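Here are my notes on the model you sent over.

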Amino acid sequence: MAAMAARASQLITLGAVLVLALALAEVDRCSGAQDYDFFFLVLQWPGSYCDTRQSCCYPRSGKPAADFGIHGLWPNRDDGSYPQNCNPDREFDSSKVSDLLGSLRAQWPTLACPANDGLRFWAHEWEKHGTCAEDVFNEHGYFQAALRLRAQLRVLGALRDAGVHPDGGYYSLAQVKDAIQRGTGFEPFVDCNRDESGNSQLYQLYFCVDAAGSRFIDCPVSPGGRPCGARIEFPAF
Ligand code: 5GP
Ligand code: 5GP
């Protein structure tokens, strides 16, 4: 009898511990406790998005400028893993960024087909990545931060100053990284894709931003991505 009572009391304690753990997990989720250590700001070169086998479509607003555009601002952990799709209740609402739409069209243009106005791309980035950083950003803050951070970098100017031009020429990885390091103060990770003929080309640049989303830092971890060849093409756009 005493053994049964002890067993029952053990089960009750176990149940209580489980309920408490679940409640704490829920509080954690709802309070938006930070589940990442820093952000990747990922920029894309439109020429290298477009001249692959899959090609591209210009957005309805017209051909974007020949400059690095934003792909996303992605919360990431120091061990290389990352949270995603953190809050299905927080769907992208374009009315919350109405004052930023002009800047988003110019600096965060979509190149995916079929041609569209970019809302789908921005919604995807906010829902997949932005909702995981709600402890520091609401939707407006998320897009504003990415735009502000990109503007601080002036990557294309840094490359030009070092004689690295988007003219279909070839450069070494070190040339590209050094030019950007010298011009911006930060060395990016370079992600290459392949043009239609299979040549390695400069596709994306990963910079790192502190967990507050406010300033650039040296990257704690490499994002992986596709390695570049010894010679990197910098295609025109
Ligand atoms: P991610 O790769 O960030 O998870 O997803 C990017 C998504 O946004 C893909 O579904 C892709 O088709 C879409 N997308 C729309 N426009 C662009 C663009 O200009 N660049 C990239 N990389 N993806 C885009
Ligand atoms: P891909 O496989 O094209 O490199 O990446 C597909 C998508 O997965 C990216 O657009 C991004 O949404 C996500 N992703 C890939 N690598 C990373 C990473 O290192 N960190 C984060 N936060 N997201 C990533």
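1. Start with histidine 71: a side-chain N or O atom there is 3.5 Å from an oxygen atom of ligand 2. Keep in mind that this is a predicted model, and that a polar contact is taken as a pair of N or O atoms within 3.5 Å.

2. Two further side chains are worth a look. Histidine 129 places an N or O atom 2.6 Å from an oxygen atom of ligand 2, and for lysine 128 the distance from a polar side-chain atom to a ligand 2 oxygen is 2.9 Å.

3. As for who sits around it, the residues around ligand 2 include Phe40, Trp74, Pro75, Asn76 and Tyr82, along with Pro223 and Arg226. Sorted by class, this shell holds 5 nonpolar, 3 polar and 2 charged residues. The biggest contributor is strand β2 (residues 69-76), which supplies 4 residues to the shell.

4. Now a separate topic, the strand pairing. Strands β4 (residues 189-194) and β5 (residues 200-210) run antiparallel and are joined by 6 bridges. If you want one pair to check by eye, take aspartate 191, whose bridge partner in β5 is glutamine 204.

5. Last, the turn. β4 and β5 make a hairpin, with 5 residues between the two strands. Which residue in that turn has a positive phi? Look at glycine 198, where phi is about 95°.

How values were computed. Residues numbered from 1 in each chain as written. Chains lettered and ligands numbered in written order. Predicted model: local features only at pLDDT ≥ 70, side-chain atom pairs only at ≥ 80, totals over all residues. Heavy atoms only, no water. Near = heavy atom within 4 Å. Polar contact = N/O pair within 3.5 Å; in protein donor to acceptor, adjacent residues only side chain to side chain. Nonpolar A, V, L, I, M, F, W, Y, C, P; charged D, E, K, R; others polar. Pairing = 2+ DSSP bridges.
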